[in-house]
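Colleague: I'm new to this one and would like a close look at a single part of it. Could you pick one residue, walk me through its surroundings, and then show me how that spot ties in with the rest?

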Amino acid sequence: MLKNTFLHMPGIGVITESRLWESGILSWNDFFKNTPLPLSQTRRNYLTNYLQESRLHLQNDNPRYFSDLLPSNQLWRLFSEFRHSTAYLDIETTGLDSWGNEITTIALYDGQSIFSYVNGQNLEDFAEDIKRYRVIVSYNGKTFDVPFIESYLGISLEHAHIDLRYVLAGLGYRGGLKGCERQLGMDREELADIDGFFAVLLWNDYVRNNNPKALETLLAYNIQDTITLERLMVIAYNLNLKDKPFYQTHQLELPDYPEILFKADRKTVDRIKSGMYGGMY
């Protein structure tokens, strides 16, 4: 879809882009042909320079150029061209404020391999591993996950960032990651009753009671978030194509769910839940 996009160029809005498509300019390649355009020659020359620059940045595998120019709810257009260099990211923390709180776990998924990072074990490895990717996909990561990581680990994440919170909101889906999942018919099964607050309790149980099952459950939950992000990204991409001329040709297949080696321990979950209702937490 990126090669069919003109929205990143100055002065090109949704209406003008649609007019270009309707006039037969469906891609960057079409623009360079001698096809009549609903634009003045001066305007055409100006935009030609931008498209030549766009081609160069795409050739150099630089998604940040496009992410800096596109509106937040249109960043889905990057996905297909840069999927090979995309990481799905989610963190768990001891609280919502980066001041005085800690990252407990980070999960990273690239569509093939799953990586997990645990405070006190290998959390620092994340800073080097994330350099392998050029695009981050998150839910609410622009205001939470990425700033928290940058503050806590003292690093800067300069990746192009597709935040599905804005992409899905543009499609009418709101209510947090779990809410969007439910609206789109996704089921977490044994992890359905675990949320961000409960993730804090799992970490506390792991630290205070030295319970490895609590950590395993937390990691299963954290990793599930990243796997869900890939599926939501593909769904959002396809839904956004519905009113475009490329719906029949550009759709992506839904990805398969990979196996998560960590499993939720129901005994631990039920014990913590009983403690919540009994006033222990």
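Modeller: Let's take valine 137. Setting aside neighbours within four places in sequence, valine 137 has contacts with Thr86, Ala87, Tyr88, Leu89, Ile162, Leu164, Leu229 and Met233. Keep in mind that this is a predicted model. Is valine 137 buried or exposed? Its relative accessibility is 0%, so valine 137 counts as buried.

Now for the strand around it. Valine 137 sits in β4, which covers residues 135–138 and runs parallel to β5, with four bridges joining the two. One of the contacts listed above turns up again here: isoleucine 162 is the bridge partner of valine 137 in β5. Look along to alanine 160 as well: 23 residues separate it from valine 137 along the chain, yet their C-alpha atoms are 8.7 Å apart.

What about β5 itself? In this strand, residues 160–163, Ala160 and Ile162 point one way while His161 and Asp163 point the other way. All four of these residues are buried.

Ile162, Leu164 and Met233, which valine 137 touches, are among the residues with the most contacts inside the largest nonpolar core, along with Phe6, Phe66 and Leu78. That core has 48 residues. Helix α11, residues 212–241, gives the most to it, with 10 residues. Another core, of 18 residues, lies apart from this one and includes Val118, Leu201, Leu218 and Leu219.

Not counting residues up to four places away in sequence, phenylalanine 6 touches Ile12, Glu17, Leu20, Trp21, Ile25, Ser27, Trp28, Phe31 and Leu51. Three of those names lead us to helix α1, residues 14–22: Glu17, Leu20 and Trp21 are buried there, as is Thr16. Viewed down the axis of α1, the buried residues fall within an arc of 145°, so they line one face of the helix. Just past the end of α1, glycine 24 takes a positive phi of about 100°.

Key. Residues are numbered from 1 along each chain as its sequence is written. This is a predicted model: local features need pLDDT of at least 70, side-chain atom pairs count only at pLDDT 80 or more; totals for chains, interfaces and linings use all residues. Side-chain values use heavy atoms; hydrogens and water are left out. Buried means under 20% relative accessible area, exposed over 50%, partly exposed in between (1.4 Å probe, protein chains only). The arc is that of the directions from the helix axis to the C-beta atoms. Two strands pair if DSSP finds at least two bridges between them. A nonpolar core is a set of buried Ala, Val, Leu, Ile, Met, Phe, Trp, Tyr and Cys residues joined through side-chain atoms within 4.5 Å. Contact means heavy atoms within 4.5 Å.
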